[in-house]
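Please keep the sequence and the coordinates at hand while reading.

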Amino acid sequence: MTSALKTDRYELTMLDAALQSGQADKEVVFEVFARSLPAGRRFGVFAGVGRLIEEIKEFNFTQEQLAFLESERIVSDQTLSWLADYSFSGEIEGFLEGEIFFGNSPVLTVSGSFAECVVLETLVLSILNYDSAVASAAARMRIAAGERKLIEMGSRRANENAAVAAARASYIAGFDATSNLQAQLSYGIPTLGTSGHAFTLLFDSESDAFKAQLKAMGEKTTFLVDTFDVEKAVNTAVEITSGQLGNVRIDSGDLAETAQKVRAQLDQLGARETKITVTNDLDEDAIAALAAYPVDSYGVGTSLVTGSGAPTAGFVFKLVSKKDDGKWIDVSKRSSGKSNLPGRKVATRVIENGIATHDLISKPDQGAEGRLLQVKYMNEGSVLDVPNLDQARSRFTDSLTELPATAKRLSDGEPALSVITS
């Protein structure tokens, strides 16, 4: 279903007034950027543009939606007629998904007529702000986890649509799998998951529950061992699998101490190949604190899908240039604390000896040095090349690798790179 009305009313009222005043067809340039990173964050990860382009392709107004706008007298008949034929015919360029971004980075540029661009504002921001917030949090968790496996398990802590978006965004930033089946169907993201406490409680004994799970899922399944007594559960799981136990999951208590005890117990019982997964309200700090303990994978939910303390990337959508009498005029907002740089801009990342030193924002005709951070996604309304999810994951890995070592610190600090305006 089209997302045309998942928007703010003022976009359509601005459109209405612009059409009636004769200004709607004026060529303009909008830019999406964050004025700064969330406090203490050293970088952000750009995500969501793949979803956004798909939404824009299908962005149109149905007869039902037009009838609603008419019945509620939200816009004039002139605007209703214009909306009935709406299809974006402008240009979109921006950062690749998985790219690292900083404050004032022009992560997306939307150009075309004022009318066709302004109606996209809420859609653009709702997708990019959420997906980038999740990807940025996921990146910090990826750093904390090192080479250990990360599983996204936040579906029950998010809106049902946001849950799928979060799985996609976290996968871009290095997560290995998700619990969400729609994410696997839609995007091919690997899924993991076996049983919860309810399954164990369904049976007369924990042993019966484990036997049923083993019969249905095989010896490589993951047994949840903290429903009653962890030590007894581990003994039971090893016994019924004849020592070929694949995985155990711990979801409560002191995870560090319990993981250490379970590892020692498994080794003593001869189940040295059995892996340990921990869950239970983990965030990047908790993951980092477990680095010295025998944990093989982490399941992360609430903290991830809420951005781990930064639930939005802080992106805004601002008009930066307009064309009057054949001449482009740069414009900007000057409100205190909310000003922005006027004019269309390009961003490059300057790299020396394989390590990024700073980002440079300049005019398109200045020939700035460094790696160009923007690519064109749409031209005259037609979709060009949109990288797939695996390419986005690779872009994240490469982008993170070229940052200075300080970027990988989880403690609060200044952005890893300065952004210089030329």
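What share of the contacts in the chain with a separation of 6 or more is accounted for by residues 24 or more positions apart?

## Overall make-up

In this predicted model, residues 24 or more positions apart account for 73% of the contacts that have a separation of 6 or more. The chain has 422 residues, of which 50% count as buried, and its C-alpha trace spans about 80 × 55 × 35 Å along the principal axes. The secondary structure comprises 15 helices and 19 strands.

## The six-stranded parallel sheet

Six strands make up an open sheet with parallel pairing, and their order across the sheet is β7-β6-β11-β10-β9-β8. The strands at the edges are β7 (177-178) and β8 (222-224), and since each has a single partner strand, one side of each is left without a neighbour in the sheet. In general terms, the strands of a sheet pair through backbone hydrogen bonds, in either a parallel or an antiparallel sense.

Between β10 and β11 the chain crosses through helix α13 (residues 284-289), in a β-α-β crossover that is right-handed. Both faces of β11 are covered, with S297 and G299 on one side and Y298 and V300 on the other, all of them buried. Elsewhere on the sheet, helix α12 (residues 255-268) lies across β9 (247-250) and β10 (275-278), and runs at about 155° to β9.

## Aromatic pairs and charges over rings

How many aromatic pairs does a search of the whole structure find? The search finds eleven, and two of them can be described by geometry and accessibility. For W82 and Y86, the ring centres are 5.4 Å apart and the planes stand at 50°, so the pair is tilted. W82 is partly exposed, with a relative accessible area of 22%, whereas Y86 counts as buried at 6% relative accessibility. For F210 and F223, the ring centres are 4.7 Å apart and the planes stand at 65°, which lies over the 60 degrees required, and the pair is therefore edge-to-face. Because F210 lies in helix α10 (residues 206-217) and F223 in strand β8, the pair ties together parts that are 13 residues apart in sequence. F210 counts as buried at 1% relative accessibility, and F223 is buried as well, with a relative accessible area of 0%.

Apart from these pairs, F46, F95, F101 and F315 form one aromatic cluster. Charged side chains also meet aromatic rings: the charged end of R168 sits over the ring of Y187, 5.3 Å from its centre, and the charged end of R393 sits over the ring of Y171, 3.9 Å from its centre.

## A hairpin and residues with positive phi

Strands β12 (residues 315-324) and β13 (residues 327-330) run antiparallel and are joined by four bridges, with S321 standing opposite D330 of β13. The hairpin that these strands form has two residues between the strands, and in this hairpin D325 takes a positive phi near 50°. As background, most residues other than glycine have a negative phi.

Where do N280 and E380 have their place? N280 is in the loop between β10 and α13, and although not a glycine, N280 has a positive phi of about 105°. With a relative accessible area of 33%, N280 is partly exposed. E380 is in the loop between β17 (374-379) and β18 (382-383), and this residue too has a positive phi, of about 50°, although E380 is not a glycine. At 62% relative accessibility, E380 counts as exposed.

Key. Residues numbered from 1 in each chain as written. Predicted model: local features only at pLDDT ≥ 70, side-chain atom pairs only at ≥ 80, totals over all residues. Heavy atoms only, no water. Pairing = 2+ DSSP bridges. Contact = heavy atoms within 4.5 Å. Axes fitted to C-alpha atoms, helices over the stretch in contact; angles between N-to-C directions. Phe/Tyr/Trp six-rings, centres within 6.5 Å; stacked < 30°, edge-to-face > 60°. Buried < 20%, exposed > 50% of the residue type's maximum accessible area, 1.4 Å probe, protein only. Lys NZ or Arg CZ within 6 Å of the ring centre and 35° of its normal. Right-handed = clockwise from strand over helix to strand, strands pointing away.
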